[in-house]
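User: Could you take a close look at one strand of this model for me, and at what sits around it? I'd like a plain walk-through that I can follow on the screen.

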Amino acid sequence: MRYLTAGESHGPQLTAIIEGLPSQLPLGKGDIDPWLRRRQGGYGRGRRMVIETDEAKILSGVRAGRTTGAPVTLAIANKDHRNWTEIMSPEPGGEPRKKALTDARPGHADLTGGVKYRHKDLRDVLERASARETAARVAVGSIALKLLSELGVEGANYVSSLAGIETRVPFSWDALEAIENSDLRTPDEDAAAQMRERIDQAKKDGDTLGGILEVRFRGLPVGLGSFVHHDRKLDGKIAQAALSVQAMKGVEIGRAFENATAPGSRVHDAVYYRGGTYARDTNGAGGLEAGMTNGEELIVRVAMKPIATLMKPLPTVNVVTHEASDAARERSDTTAVPAAGVILQCVIGWVLAEAMLEKFGGDTLPELQERVAAARAFAQSY
Ligand SMILES: Cc1cc2nc3c(=O)[nH]c(=O)nc-3n(C[C@H](O)[C@H](O)[C@H](O)COP(=O)(O)O)c2cc1C
Ligand SMILES: C=C(O[C@@H]1CC(C(=O)O)=C[C@@H](OP(=O)(O)O)[C@H]1O)C(=O)O
């Protein structure tokens with residue numbers, strides 16, 4: 001499976017083309033749009049999220065509610081485009097255009113992207129660097145999550161901490177509804193209240209905040225990925241997918257950084273044989289050993305940096321005059337940590353769906369389901 005996304009933040013639309021999905025997968029807007037809405041949520045987002053009500057148009061590859069095996073094309077309109085038609089026009093002329101950006105924002109793509117592609121209006125960079133693109137990736141990922149659910153795999157995401165304020169209620173699959181109903185995607189009400197306060201304060205101060213997201217998957221069969229080749233190791237692929245999301249700067253499988261401070265006897269998961277199968281009482285490995293799923297819950301933790309655009313801007317340089325200036329101020333989020341968890345579940349879901357197809361193959365969902373069931377039965381009896 002593979003996909004490509006295209007589209008600028010304030011262009012007419014985002015587009016994604018997915019190739020390699022099995023046929024016979026039940027699929028409709030109802031599987032995609034709730035994920036787009038989830039991604040738009042979260043306390044601390046800017047006014048853009050009031051303008052947009054993201055929904056996917058399915059333009060190919062699905063008929064009568066099922067994938068046909070042909071490439072699936074998805075489109076998500078940018079409602080805000082109507083305010084940017086001249087600025088974003090592909091026709092030549094009108095330069096310098098309104099909203100030209102020349103005061104590079106530290107922490108964003110502006111300066112390096114400008115040098116790389118030889119732009120002096122850094123809008124040519126930020127339009128594509130923007131995390132608006134993640135709407136397309138969530139639409140794609142939601143289809144991967146649908147495929148996984150047809151194969152008995154379920155995912156979750158929540159905010160583990162925001163600006164150092166930690167969710168103290170341990171994660172539980174029973175808390176999914178509470179997480180879903182929380183504008184901070186945490187089941188810990190006290191932590192959520194503190195987070196809201198901190199976000200309000202940051203907004204007043206013209207500042208921004210980051211945090212740590214946790215993504216989990218359960219029901220994964222044993223042996224997705226590989227210990228044989230570097231480019232098929234699932235831990236590496238998951239880390240790539242997570243870090244490819246705008247503003248993600250660190251990935252942890254399980255409690256990797258805490259594990260690094262403890263002796264092996266307290267980190268590795270002892271194996272037992274109980275009730276005719278293998279069992280572990282702990283999951284320090286976070287569901288991955290040697291680049292493969294080991295049948296335990298997959299636990300991925302990801303660090304998101306604070307948003308780069310500050311209303312109280314950092315010093316920078318104007319790339320036209322080379323004079324010292326204040327970094328550009330664009331309409332912006334104070335934090336997007338809750339949305340990031342949704343995005344991460346989708347992009348990691350994609351990697352897992354790909355790994356399923358790599359191991360089990362098949363052009364159709366029923367073939368895939370039969371093969372996954374056979375692999376589960378084998379692992380049980382091994
Ligand atoms: C959901 C989401 C929303 C974001 N919103 C903003 C924003 O409003 N303003 C901003 O400067 N950066 C925002 N970012 C982060 C930037 O897109 C990102 O920092 C930038 O593209 C540079 O890439 P890097 O941080 O991965 O190095 C957002 C990221 C995500 C995931
Ligand atoms: C548009 C989205 O996020 C945007 C990501 C973003 C950035 O720099 O990454 C900057 C902001 O763009 P705008 O100036 O248009 O408000 C965010 O709103 C979105 O998530 O759909």
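Analyst: Let's start with strand S15, residues 298–304: seven of its seven residues are buried, so the strand is largely enclosed by the rest of the structure. Buried here means that 20 or more other C-beta atoms lie within 10 Å of the residue's own; 12 or fewer makes a residue exposed, anything in between is partly exposed, and the C-beta atoms are placed from the backbone. Strands are DSSP runs of E with at least two residues, helices are runs of H or I with at least four, and both are numbered from the N terminus.

Before going on, keep in mind that this is a predicted model: local features need pLDDT of at least 70, side-chain atom pairs count only at pLDDT 80 or more, and totals for chains, interfaces and linings use all residues. Residues are numbered from 1 along each chain as its sequence is written, while chains are lettered from A and ligands numbered from 1 in the order in which they are written.

Back to the strand. Both of its faces are covered, with Leu298, Val300, Val302 and Met304 buried on one side and Ile299, Arg301 and Ala303 buried on the other. S15 also has strand partners, where pairing takes at least two DSSP bridges between two strands. With S9 (residues 211–218) it pairs in the antiparallel sense over seven bridges, and there Ala303 of S15 stands opposite Ile212. With S10 (residues 248–253) the pairing is antiparallel too, over five bridges, and Arg301 is the bridge partner of Glu252.

Now follow the chain out of S15. Pro306 lies in the loop between S15 and strand S16 (315–317). It is partly exposed, because 19 other C-beta atoms lie within 10 Å. Leaving aside neighbours within four places in sequence, Pro306 is in contact with Thr208, Leu209 and Gly210; contact means C-beta atoms, placed from the backbone, within 7 Å.

Pro306 is also among the residues that an unreviewed UniProt entry annotates as "binding site", and so is Gln246. UniProt positions are given in the numbering used here, feature names are shortened, and annotations may be inferred rather than shown by experiment. The annotated residues are spread over 204 residues of sequence and also in space, up to 43.7 Å between C-alpha atoms.

Gln246 brings us back to the S10 side: it lies in the loop between helix H9 (234–243) and S10. Gln246 counts as buried, because it has 20 C-beta neighbours inside 10 Å. Not counting residues up to four places away in sequence, Gln246 touches Ala131 and Thr134.

Key. Contact = placed C-beta atoms within 7 Å.
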